Amino acid sequence: MTRTVRVGFIPLMDAALLVVAQREGFAEEEGLALDLVRDVSWANLRDKLALGFLDAAHMLAPAAVAASLGLGQLKVPLLAPVALNLNGNAITVSLALQEALAEAATGDLADPVVTAAALKLVVDRRKAAGREQPTFGHVFPFSSHHYQLRAWMRAGGVDPDRDVNLVVLPPPYMARSLASGLIDGFCVGAPWNSLAVAEGHGRILHTGTDIVDPCVEKVLAVRLGLDANEPDTVERLARAVAASAHWAADPVNLAQLSAILAAEDAVGLPATLARAILTGELRTGTGTRVGPHYLRLSPDALPPWPDYADWIMRQMVEAGQLPRIGDSLASARAVFALERYVKATGEILEAGPARPRGIGG
Amino acid sequence: MAPKIGTGQAGHRAAEMERRTRIVIVDQNSVRRAILEEGLREAGHDDIVHLSDTENLLQRVVAVDPDVIVVDLESPSRDVLEQMFQMSRAVPRPVAMFVDQSDTAMIKAAIDAGVSAYVVDGLRKERVKPILDMCVSRFNAFARLKDELEQAKSQLAERKIIDRAKAILMRAKGIGEDEAYGLLRKAAMNEKKKLSEIAQAVVTAAELLK
């Protein structure tokens, strides 16, 4: 019997596996009719999921933890039976900041420690000249984007709370805010960095993986109650996502995948740009970077490892969002439902998760 | 003998209730915003500030220092407002989402209506609930108005296309209006299609056959 599942998502490249599950019939094969609902804010997805307007949602992993711990908002215990990707972020800066950093840098601009140190010089110079602090945008208080910016800055001696303004800015407004000089840079997920570069407003300075690799990013979240009452439905969802990942990982399907995501009711971007992002070919504005791990949608990105909670909570404490890790760690780890994933997919996980490397690890 | 109003504790409470509730509305839809503002003013709230969705929203909200922020769910800027839950340099007075988080019926009604509210921490439930109720009812009223308008537009468009099809048939076959209408209706019944669909087909065909 077909079970209709309402799944909310934000139009981003890392919603790919949900879109594929619907378009390519993997959800249908599991007896699920996926009703994909596009939304505009992470707050909406959280609240609609909490109140039952959605059965599942594309969600920032840190936001799933925050919701479960009741940080900042409606406390709603969530569960992630499967992750949707790893990585996919980038730090994009204005042309003016790129030039200022290049000028102040002593070393290779590809090195985040070098650029962070250059940022510190820029911060100091602006302060001495009585100018405003640099402002950087990100997507949500509880997001790897926010944490990656902070880790990058700290590596150069920049105090993320005192030396710069870190603000949430909706991705659709980021490129124009960069162009108008309202912000100096931002950290956001694909395709927004590439779009800003394509429009001529920004330069990609670093990928998220330059800061922390691999980095937990989005998960598919459901209410604890759904998992308790309908574990079978949750497992079918996880399997549909896994099947999508296998399909998406096959190079033979790249063109089709690009076309699917290019559609206006999916992510909505030129198919050629989608394809470039999927293959990790990034036009930075000063050249092209090739990194196949820029956005990982492959099957090995899917297991929801409880260890992700450890990294997330460390970031929350550093960001002043949580006084200390303490007893909450167990609840945070419980969000990542590895057992449900293994039961659903029958996968044999030989090794544990890769330990995140980098200055933000 | 009745206690004197305006002195002592009773007076203090009365004075507190007098203090205006500053309400910020973030809604890009100007018609809906006007409907909401009208409702709030009728209820006695005259300290209402409208902030547009775009740049620098957080800074402007902090500068206005509201007691309640009403935001439509279609606004991506909801995530901007989420920063207000934590005190920081930028956000000196933290907010909560609804005064009483256990009031899930209220929250559900609000989400269903397409509106959310952020309330400065500590504001009493009695002051906020009427405001939220008003927001929910006005948002719902707007949604109904919008539906009615869409229905009316669609009916008008359908009538126009049927009129055009009738005119085409009348000219082409030298028949009267009633007969033309009858032909369209018969075709609709035979093909199990809507009258407007058949009419559209006639209009399209006529264009192609010009």
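Mentor: Start with chain B, which runs α-β-α-β-α-β-α-β-α-β-α-α-α along its sequence. Helices (H or I, at least four residues) and strands (E, at least two) are DSSP runs, numbered from the N terminus. This is a predicted model, where local features need pLDDT of at least 70, side-chain atom pairs count only at pLDDT 80 or more, and totals for chains, interfaces and linings use all residues. Residues are numbered from 1 along each chain as its sequence is written, and side-chain values use heavy atoms, without hydrogens and water.

Trainee: How many helices and strands are there in chain B?

Mentor: Chain B has eight helices and five strands.

Trainee: And what share of chain B is buried?

Mentor: Of its 210 residues, 40% count as buried. Buried means under 20% relative accessible area, exposed over 50%, and partly exposed in between, with a 1.4 Å probe and protein chains only.

Trainee: Switching to chain A: is helix H4 mostly covered or open?

Mentor: H4 of chain A, residues 61–69, is mostly covered, with nine of its nine residues buried. Among them are A:Pro62, A:Val65 and A:Leu69.

Trainee: What comes just after H4(A)?

Mentor: A:Gly70 follows, with a positive phi of about 75°.

Trainee: Where does A:Glu99 sit?

Mentor: A:Glu99 is in helix H5 of chain A, residues 95–104.

Trainee: Why does A:Glu99 count as exposed?

Mentor: Because its relative accessibility is 59%. Its C-alpha atom is 9.9 Å from that of A:Arg203, a residue 104 positions away along the chain.

Technical notes
Chains are lettered from A and ligands numbered from 1 in the order in which they are written.
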